[in-house]
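Subject: Structure handover

Hello,

Here is the structure we talked about. Please open it first, then read my notes below.

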Amino acid sequence: MRLATILLFAAGAAWTQPRYDMLLKQGHVIDPANRIDGVMDIAVSNGKIARVAANIPVAEARKVIDAKGLYVTPGLIDLHAHVFGYSGSLLPDDSALPAGTTTIVDAGGAGWRTFDEMLERVIRPSKTRVLSLINIVGRGMVGQSFEDNVEDMDSEKTAAKIMERRAHIVGIKTAHFGGYGWTAIDRAIAAGNLAKVPVMVDDKIFVGTGRTSKEKLLSKLRPGDLHTHVFNDRQLEIVDRYSGKVQPYIAEARARGVLFDLGHGGGSFLWPVATKAMGQGFFPDTISTDLHASSILMAESDMPNCISKMLNLGMPLQAAILRSTVSPAKAIARYPELGTLSAGAIADIAVFRLKKGVFAFKDAWQHKHLGEQKLECVLTVRAGEEVFDLEGRGYPEWDKAGNYEVIR
Amino acid sequence: MRLLLLFALLIPAGAQEIYDLLLKNGHVIDPKNNRNGRTDIAISKGRVAKVAQGIPAAHSRRVVDASDYYVTPGLIDIHGHFGSDGVNPDHNSLRSGVTTAVDAGGVTVANFAAFKATVIDHSKTRVLAFMPGAPDSAWIVADVAMKDTIAGLRPGDILTNIYGQNMPSLADARKRGILLDSGQLWFRVAVPALKAGLLPDTISTGMDKKSLLLPRATMTNVMSKFLAMGLTLEQVLERTTAGPAKAIRRPDLGSITVGGAADLAVLELRNGTFAFLDSGHAKLTAGKEVRCVLTVRDGVVVWDSEGLSLTHWRDAGPYSNFK
């Protein structure tokens, strides 16, 4: 009898070997790249998206995850985070993956002198895909005196490092330059021209720097370059502080192809600015966190919260997912490799609940805004592996699992 | 008469204090001080200034209405793994109400200076460490499966991961005064053990790079599991405040005591359907969940998911640089 059962099992396994490793069942899929916005099943096999279709039989998958009532999106891409060099740097996996972020772009932590150290210490050991916008400062984002030192801003060496490490470096960052004139931005753009990559600019406009946001956006930045921290008040008067209107040169810059990145951070998202700009229909092109030690706690600037803030200021969910997947992938020339749920793509997937109620959202200056919807990440898949599962959706009840060992 | 009145006004005993922060009307559970009921907590200069009912809201610069919540001493997690090979203590601890987190296993005499510079001095969380072999201190040992290991422990030493995959009998260890800490947890081991009366002395997360993601080893998650397995909220809080403070011989921590550091957690006990995973990735479905809505560390609000201590931006006056 026992032998018969074993034989039956073995035979059964041979006949019905599941085609898929994982099946996300009945979630509301938002995949802007493929114009999908509705209930769909997603099958994953060998770390890749195998199939997206309306009714994939559960028998075809080894593991079935019920996603009914939840949103399923491509793994989010956070275009502006800090995991190396900068003093407030975080660890990629414990900050990104529980937020549904499967790709983070470190914005300027490493320069050409320090990038290889970042590769060994951060990029290679992380489950999260970590990419880099390399700092025009050779030593990276290690403090004001270094970031002001134009002697350490070498366009050729920066471009050479990018070309050597194309798999990991997707662009250039210039940030915090407190000196006079355009040297930092000019050298970053020169490196960008040599390596054919975009530049992300976080420009401190101090009084007496000889720079204006208008000139920067209209004459310096190239189409595809990124202006980050769009809703702070410090570097760019995106909203005229007297009339309350979005500046005309902003629209002009956007028409030229300059991209505006959220870059929430610990000082760069203010309710009066965001509310006025979004109220006039000015949405950021890419949603990013500028996640670091001073923004992750009180301001909660992780991706689901940044998206929630956008939703509560009038951006539709589909538009917010577009700006957290396809748009950042395009900005770093990684589309359609990243940011989609196309069959054959790497299976980076996020699953969210859109909660309804009254929720407080906090800006960089620790004032709150009340909103009625909040996005919460419940499950994350990275390269086909279920790396985060808040509610155990992919796992059995313990009292029905027998004398279990670690369940995969 | 007038002179007398003047004297009365000058007497300091009758003086009133201005507070930095006041937690109003929360259900305070402070096992060490045997408090379990509604009261106010006033904080001044990073210290607990007063614990009493009816402290006037007008006497504090910031007031949090804690009516819907439990207020407890800042939680103590005696088993975590921090730093570049572990996890970040701040956002993984403070979000869960943990204000003191102890690194269990990574720190040695050789690397302590680096650990202090990169983790301890860099964190808002009070980060402490067990160091193997340090004299006059408790040791923490994770190797529950090893009989020899247990035999080598002294009273006051701590055995962690007691509900691990292959738990031996721990009756002798407990009799000898060895402290039992939860750490890694398998429901197939823990549920019968708790039924048989083997409660932990301390509840900890054992959080590391892996367990933080799956099963999600945060303190509120672990506390929720113990509630689901039948412990009362009071039993859970005893084992996450006063219990661990005693285990690491830090009587200054783990309670809400006037004059003591103002480390506090504001917790919500939510009803609904929730599910939690164990270290073997098996699931327990439960009807309650503990969530941390606000954390105070040395008197400073460091986590405030509901914005309880914050002003709405429209009421915040003109932003200094933006009219």
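What radius of gyration would a compact globule with 323 residues have, and what does chain B have? A compact globule would come out near 20 Å, and chain B has 22 Å, which agrees. Bear in mind that this is a predicted model.

**Chain B**

The C-alpha atoms of chain B fill a box of roughly 80 × 45 × 40 Å along the principal axes. Of the 323 residues in chain B, 51% are buried. Take the contacts in chain B between residues at least 6 apart in sequence: 62% of these join residues at least 24 apart. Chain B has nine helices and 14 strands.

One open sheet in chain B has three strands, in the order E6-E7-E8, with parallel pairing. Strand E6 (75-80) and strand E8 (126-130) of chain B stand at the edges. Each has a single partner strand, so one side of each is left without a neighbour in the sheet. The twist averages 20 degrees from one strand to the next. E6(B) pairs with strand E7 (residues 98-104) of chain B over four bridges, in the parallel sense. There, Leu75(B) stands opposite Val98(B).

**Domains of chain A**

Across the boundary, 31 residues of domain 1 of chain A are in contact with 36 residues of domain 2 of chain A. On the domain 1 side, E1, E2, strand E3 (48-53), E13, E14 and E15 of chain A each supply at least two residues. E14(A) gives the largest share of that side, nine residues. By class, the side has 16 nonpolar, eight polar and seven charged residues.

**The sheet in chain A**

Seven strands of chain A form an open sheet with parallel pairing, in the order E6-E7-E8-E9-E10-E11-E12. Its edge strands are strand E6 (76-81) and strand E12 (259-260) of chain A, and each pairs on one side only. E6(A) and strand E7 (residues 101-111) of chain A pair in the parallel sense over four bridges. Ala81(A) has Asp106(A) in E7(A) as its bridge partner. Helix H6 (residues 183-195) of chain A packs on the sheet. That helix touches strand E9 (169-175) and strand E10 (199-202) of chain A. The direction of H6(A) makes about 170 degrees with that of E9(A).

**Where the chains meet**

How many residues of chain A are in contact with chain B? There are 42, and they contact 38 residues of chain B. Five elements of chain A give two or more residues to this side: helix H2 (92-96), helix H9 (271-279), strand E13 (349-362), strand E14 (368-382) and strand E15 (385-389). The side has 25 nonpolar, six polar and 11 charged residues.

Pro272(A) is placed in helix H9 of chain A. Pro272(A) is buried, with 23 other C-beta atoms within 10 Å. Pro272(A) and Phe231(A) are 41 residues apart in sequence, but 8.9 Å apart in space, C-alpha to C-alpha.

**Backbone points to check**

Most residues other than glycine have a negative phi, and most peptide bonds are trans. Here are some exceptions.

- Arg35(A) is not a glycine, yet has a positive phi of about 55 degrees. Arg35(A) sits in the loop between strand E1 (20-31) and strand E2 (36-45) of chain A.
- His229(A), also not a glycine, has a positive phi of about 65 degrees. His229(A) lies in the loop between strand E11 (226-227) and helix H8 (248-256) of chain A.
- Tyr335(A) to Pro336(A) is a cis peptide bond, with omega near 5 degrees. Pro336(A) is in the loop between helix H12 (326-331) and E13 of chain A.
- Leu214(B) and Pro215(B) are joined by a cis peptide bond, with omega about 10 degrees. Pro215(B) is found in the loop between helix H6 (187-195) and helix H7 (219-228) of chain B.

Best wishes

Note on methods: Residues are numbered from 1 along each chain as its sequence is written. Chains are lettered from A and ligands numbered from 1 in the order in which they are written. This is a predicted model: local features need pLDDT of at least 70, side-chain atom pairs count only at pLDDT 80 or more; totals for chains, interfaces and linings use all residues. Two residues are in contact if their C-beta atoms, placed from the backbone, lie within 7 Å. Ala, Val, Leu, Ile, Met, Phe, Trp, Tyr, Cys and Pro count as nonpolar, Asp, Glu, Lys and Arg as charged, and the others, Gly among them, as polar. Two strands pair if DSSP finds at least two bridges between them. Axes are lines fitted to C-alpha atoms, for helices over the stretch in contact, and angles run from 0 to 180 degrees between N-to-C directions. The radius of gyration is taken over C-alpha atoms; the globule rule is 2.2 Å times the number of residues to the power 0.38. A residue is buried if 20 or more other C-beta atoms lie within 10 Å of its own, exposed if 12 or fewer, and partly exposed in between; C-beta atoms are placed from the backbone.
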